[in-house]
Amino acid sequence: MKASEFSPSILVVIPAYNEQDTIERVIEETRFCGPRLQDLGFDLHICVVDDGSTDATADVARHVGVDHLIAHRLNRGLGAAVRSGLECGRSHDYDIVVKLDADGQHDPRDIPDLIHPIANDEADVVYGNRFPRMTYRMPLVRRIGNALFRSLMRQLTQWDIVDSQPGIVALSKTYLQVFSIAGDYNYTQQILVDAYHKGMRYDQVPVAFKERTSGHSFVSMKYPFLALYQIVMTLILARPLRVFLPIASVFLGGAGLVVVTELILWMNGIGEKPVEHVNLVLGLTILGVNTGYFGVLAELVVRHRS
């Protein structure tokens, strides 16, 4: 189904993995937003991305009826599921895409408020902020992880981010045309870094957040490591020099440190030669130059494609 040619249209993407107990309720609650969105001039459409579920998630979604049902044969990860949903939004020419969790922790009635900055042409990426309206106390480990990633995202984007991984996000057509989600595990930090380096505008809106009552979260102890890896990959795809230039500087700085240290030792009669570890200095210098050169080439490729 194509987006309406006459009215602006919104696609709500609901990635789901083994959420047969909640998916019907989430779809129906999302539909309740239809009249309010119509009042704002938007047509509502729903896309469920079944990420290789082993239960009846896809069957329930098919029975309830949605505009798009995308089924991954295997579980590929939340990032891959969101990517499929955003590609659906782009290929069908939707004006706004909203990503909503399938576990029922979010309230779809927040969607009209979430899209408001995009509808008013004030933002391209709008994240929900769960903390003012959270109905339960998040576990300590989660709160620490949120704080660390929030701080990292603020440094990488220069945006005043309050909640860097809310689970409910709105994206404009402008961003849909250029988005890149390289990693399959998670999407939230990838979108922030990618959008920032592609010149998008950011905003955040308070949203409700309830405790999960069924299913299992994909977040585990491996989350920080996989998420950090994906952030690095996103940076490489968006602005390679921001990754390769610091690495090149470490190699070249190490070579310089060895040279200066050994020169000082030689001048004070401690070393036998001005530079004793010549091979080490040459190796570090070659690594530094090649890394910097590769970063420059990658940056030129990225800018040419954009």
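1. A salt bridge here is a side-chain nitrogen of Lys or Arg within 4 Å of a carboxyl oxygen of Asp or Glu. By that rule, Arg201 and Asp124 are joined through their side chains, with N to O at 3.1 Å. Helices (H or I, at least four residues) and strands (E, at least two) are DSSP runs, numbered from the N terminus.

2. A word on the basis: this is a predicted model, where local features need pLDDT of at least 70 and side-chain atom pairs count only at pLDDT 80 or more, while totals for chains, interfaces and linings use all residues. Residues are numbered from 1 along each chain as its sequence is written, and side-chain values use heavy atoms, leaving out hydrogens and water.

3. How exposed are the two partners? Arg201 is partly exposed at 31% relative accessibility, whereas Asp124 is buried at 6%. (Buried means under 20% relative accessible area, exposed over 50%, partly exposed in between, with a 1.4 Å probe and protein chains only.)

4. Have a look at Arg133 and Asp110 too: their closest N and O atoms are 3.0 Å apart in a salt bridge. Arg133 belongs to strand E5 (residues 125-134) and Asp110 to the loop between strand E4 (96-99) and helix H5 (111-119), so this pair links parts 23 residues apart in sequence. Arg133 is partly exposed at 35%; Asp110 is buried at 5%.

5. Asp194 and Lys198 also form a salt bridge, at 2.8 Å from N to O. Asp194 is buried at 2%, and Lys198 is partly exposed at 30%.
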